[in-house]
Amino acid sequence: MSRLRVIAVTLPEFIGGEAETIASLLESGAVERVHLRKPGAEPGSMRRLIESIPSHLHQRLSLHDCHPLAADYGCGVHLNSRSPEAPAGFGGTVSRSCHSPAELLRPGRFDYQFLSPIYPSISKPGYEPAFTVDDLRGAVGPTTVALGGVTPSKFIELAATGFGGAAMLGCIWQAARAGKLNELIHQIKCCNT
């Protein structure tokens, strides 16, 4: 199996211990990037979260909202329906959300694209995929990152399908809340060799 790009996505709300969890994920080497997804967040709240994460990790963060802050901290930006354009002249990492294989073909400059949901969502009960993993063979590639119901146990199937990455939200924050983040980090490393 080829190694997948592993990305963590935050919960939409700010939570206690979040900055420490983000730093642990990034410093462990199990996760390449963390996406700060905070719909409706005020720039001041987002700035406080970023500043509570060690500055040497800022370049490994991507902002789903409050894009103007990206230049201040060296973060990437993630494009979505709330924030469909990168700031003018932005030269950092750019990613975007897609919800069908056809959307992956839209033109634009992206370092990678999320496709979701791939499996039934862990964090959004009832959010189900409109396609099967088998439907995606040949439609995804090295710059496509699977999101939705992804756990380390799915890495082999995702790589075999052609995905270049795996993004996790629900399983990360469930493990963190249960005090099992180190176990999950170990599992991510073991399943991504």
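Just after helix α5, Gly179 takes a positive phi of about 70°. Helices here are DSSP runs (H or I, at least four residues), strands are E runs of at least two, and both are numbered from the N terminus. The model is a predicted one, so local features need pLDDT of at least 70 and side-chain atom pairs count only at pLDDT 80 or more, while totals for chains, interfaces and linings use all residues. Residues are numbered from 1 along each chain as its sequence is written, and side-chain values use heavy atoms, with hydrogens and water left out.

Helix α5 itself spans residues 170-177, and its buried residues are Gly170, Cys171, Ile172, Trp173 and Ala175. Buried means under 20% relative accessible area, exposed means over 50%, and partly exposed is in between (1.4 Å probe, protein chains only). The cover over these α5 residues includes β1 (5-9), α1 (18-28), β8 (165-168) and α6 (181-191), going by contacts, that is, heavy atoms within 4.5 Å.

Helix α2 (residues 43-51) has Met46, Leu49 and Ile50 buried. These three sit on the same side of α2, because they cover an arc of only 100° around the axis. The arc is that of the directions from the helix axis to the C-beta atoms. As a rule, an α-helix has 3.6 residues a turn, so residues three or four places apart point the same way. Among the elements covering the buried residues of α2 are α1, β2 (33-36), β3 and α3.

Then there is His64, found in the loop between β3 (61-63) and α3 (68-73). With a relative accessible area of 4%, His64 is buried. Its side chain is joined to that of His35 by a polar contact of 2.8 Å. Such a contact is a pair of N or O atoms within 3.5 Å; within protein, one must be able to donate a hydrogen and the other to accept it, and residues adjacent in sequence count only if both atoms are side-chain atoms. Leaving aside neighbours within four places in sequence, the contacts of His64 include Arg37, His78, Asn80 and Phe114.

Tyr112 counts as buried at 1% relative accessibility, and Phe114 does at 2%.
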